[in-house]
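User: Please walk me through this structure, as I am new to it.

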Amino acid sequence: MTITVDHRPDVHPGPPKLGRAQLLQAQRDTLDTPRMEYSVLAKMMFKPVDLMYGKQGSFTKFAMLEIIARVPYQAWERMGYWAVHRHAGRSGLARRVFERIVEARADQDNEQWHLLIMQDLVQRHGLRQNWLLHKAAPWLIAFFYYHVSWVLFLVRPDWSYRLNAEFEDHAEHEYMTFVAENPDLDFIPDPGTYAAEYGRYR
């Protein structure tokens, strides 16, 4: 017997393809927006990163941040599958939870694209990454962040979402500040490696 499903959660359409003027406006908007008031937990994550990788932005530091950035979405996906199983007898609720799972997976994919782009930039610039700082340390920080996100979600989901919002706000400001402080980036040719996903730029 075949069951036809008339609706399923849509796969995320991918990142927006912004033109140069739109990208510059997005950068100005971020830099003009005050940073969030970060919690003690968020500061506990930011401080070791600054101590190990320096306060200044760099492609290697950002690549490490993107390893960590996927973590809360993975934790939420795991919790979502647990909730779908738990509420399998309530199809409407299970479906809403599954839609959140699809969204969390799309967000993970978005962060994975960021990581691929950062690693591409690291390699193109011939930057070195050592095992301790760029393999072991990100794994340990990600391990901590995953379990904190998971436990917070179990206790109160909005706490877990808030911590992620603080992480994303911090990263966005770090990236935009880095670009503002390095105007020479404007003159690096776009290799087109990720043109299909993000658009092609001169």
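**Helix length and surroundings**

User: What span should α7 have, going by its 25 residues?

Analyst: At 1.5 Å a residue, α7 should span 36 Å, and because its end C-alpha atoms lie 36 Å apart, the model agrees with that expectation. The expected span is 1.5 Å times one less than the number of residues, and helices here are DSSP runs of H or I with at least four residues, while strands are E runs of at least two, numbered from the N terminus.

User: Anything to know about where these values come from?

Analyst: This is a predicted model, in which local features need pLDDT of at least 70, side-chain atom pairs count only at pLDDT 80 or more, and totals for chains, interfaces and linings use all residues. Residues are numbered from 1 along each chain as its sequence is written, and side-chain values use heavy atoms, leaving out hydrogens and water.

User: Which residues of α7 are buried?

Analyst: The buried residues of α7 include L163, F167, H170, Y175 and F178, where buried means under 20% relative accessible area, exposed means over 50%, and partly exposed lies in between, with a 1.4 Å probe and protein chains only.

User: And what do they pack against?

Analyst: The buried residues of α7 pack against α1 (20-32), α2 (40-53), α3 (59-69), α4 (71-86), α5 (91-124) and α6 (131-155), with contact meaning heavy atoms within 4.5 Å.

User: How confident is the prediction, and where is the confidence lowest?

Analyst: The mean pLDDT of the chain is 87, and 92% of the residues reach 70 or more; pLDDT is the predictor's confidence in each residue, from 0 to 100. Confidence is lowest in helix α8 (residues 195-198), at a mean of 80, and highest in helix α7 (residues 157-181), at 95. Over residues 1-5 the pLDDT is below 50, and this stretch has zero contacts in the model beyond near neighbours in sequence.

User: Stepping back, how many helices and strands are there?

Analyst: The chain has eight helices and zero strands. Its C-alpha atoms fill a box of roughly 60 × 35 × 35 Å along the principal axes, and 36% of its 202 residues count as buried.

User: How much of the contact in the chain joins residues at least 24 apart?

Analyst: Counting contacts between residues at least 6 apart in sequence, 79% join residues at least 24 apart.

User: Back to the helices: how many residues of α3 are buried?

Analyst: In α3, 11 of its 11 residues are buried, so this helix is mostly covered. The buried residues, among them F59, T60, A63 and I68, pack against α2, α4, α5, α6 and α7.

User: What does V122 touch?

Analyst: V122, which lies in helix α5, touches F59, T60, A63, L127 and Q129, not counting residues up to four places away in sequence. V122 is buried, with a relative accessible area of 1%, and its C-alpha atom is separated by 31 Å from that of S160, 38 residues apart along the chain.

User: Then A142: is that one buried or exposed?

Analyst: A142, in helix α6, counts as buried because its relative accessible area is 12%. Leaving aside neighbours within four places in sequence, A142 is in contact with I68 and V71, while the C-alpha atoms of A142 and L93, 49 residues apart along the chain, are separated by 30 Å.
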